[in-house]
Amino acid sequence: MSQKGPRGPWPQATEAALDEVIVAHAGGEGAGALLPILHALQARFGHVPDGSVPRIAQALNISRAEVHGVITFYHDFRAQPPGRQVLRLCRSEACLAMGAEGIAQDVRDRLGLAWGETSADGAVTLEPVYCLGLCACAPAAMLDTRPLGRVGSDALLAALAQGATGDDGEATP
Ligand code: FES
């Protein structure tokens with residue numbers, strides 16, 4: 001069974017579907033195409049499926065270890081499909097200086113989630129991010145594709161609740 005994404009169920013990562021994405025972004029052999037392929041896989045399936053690793057390695061003529069190393073190096077790539085909403089909290093300097101650590105702790109406690117976890121009902125995934133380019137509005141967060149600035153934990157949970165009901169209102173700083 002496929003897990004539900006923000007716009008309905010994520011498509012099944014069949015071998016044919018994986019190959020379609022890999023071939024479309026390979027552009028010849030070599031590691032240069034690796035990041036575009038990984039981003040394309042995650043955009044399509046919500047994560048980088050395990051089964052894609054040997055197929056990418058073969059397509060680019062690089063080792064499986066190289067592929068795996070890049071996937072694990074970048075925080076953006078997920079091994080599992082995310083929840084229906086993805087809340088990213090900035091963990092970089094400007095946001096930390098504005099209290100992001102305490103906010104993150106409160107949000108983690110209230111959602112009962114550790115970094116990278118998805119709630120049991122599949123509603124939300126909580127992820128760390130390292131600078132959203134919103135430093136002037138620290139502490140900052142991103143809810144799916146929506147940037148949120150000068151947030152507190154109450155505003156973040158309110159934004160999640162609004163998103164869950166389809167209300168696209170802005171979070172109150
Ligand atoms: S440090 Fe948080 S947005 Fe830049």
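Me: What makes the 4 strands an open sheet, and in which order do they lie?
Reply: The order is β4-β3-β5-β6, with mixed pairing. The edge strands, β4 (124-129) and β6 (146-148), each pair on one side only. Strands here are DSSP runs of E, at least two residues, and helices are runs of H or I, at least four, numbered from the N terminus. This is a predicted model: local features need pLDDT of at least 70, side-chain atom pairs count only at pLDDT 80 or more, and totals for chains, interfaces and linings use all residues. Residues are numbered from 1 along each chain as its sequence is written.

Me: How do you know that β3 and β4 pair?
Reply: Pairing requires at least two DSSP bridges between two strands. β3 (residues 85-90) and β4 have 6 bridges, in the parallel sense. Therefore they count as paired. Leu89 has Pro128 of β4 as its bridge partner.

Me: Which strands does helix α7 touch?
Reply: Helix α7 (residues 153-164) packs on the sheet and touches β3, β4, β5 (141-143) and β6. Contact means C-beta atoms, placed from the backbone, within 7 Å. Its direction makes about 160° with that of β3. Angles run from 0 to 180 degrees between N-to-C directions, with axes fitted to C-alpha atoms, for helices over the stretch in contact.

Me: Why is the crossing of α1 and α3 called right-handed?
Reply: The term applies if the near helix is turned clockwise from the far one by less than a right angle. The axes of α1 (residues 15-26) and α3 (residues 52-60) cross at roughly 30°. The crossing is right-handed, so the near helix is turned clockwise.

How values were computed
Two residues are in contact if their C-beta atoms, placed from the backbone, lie within 7 Å.
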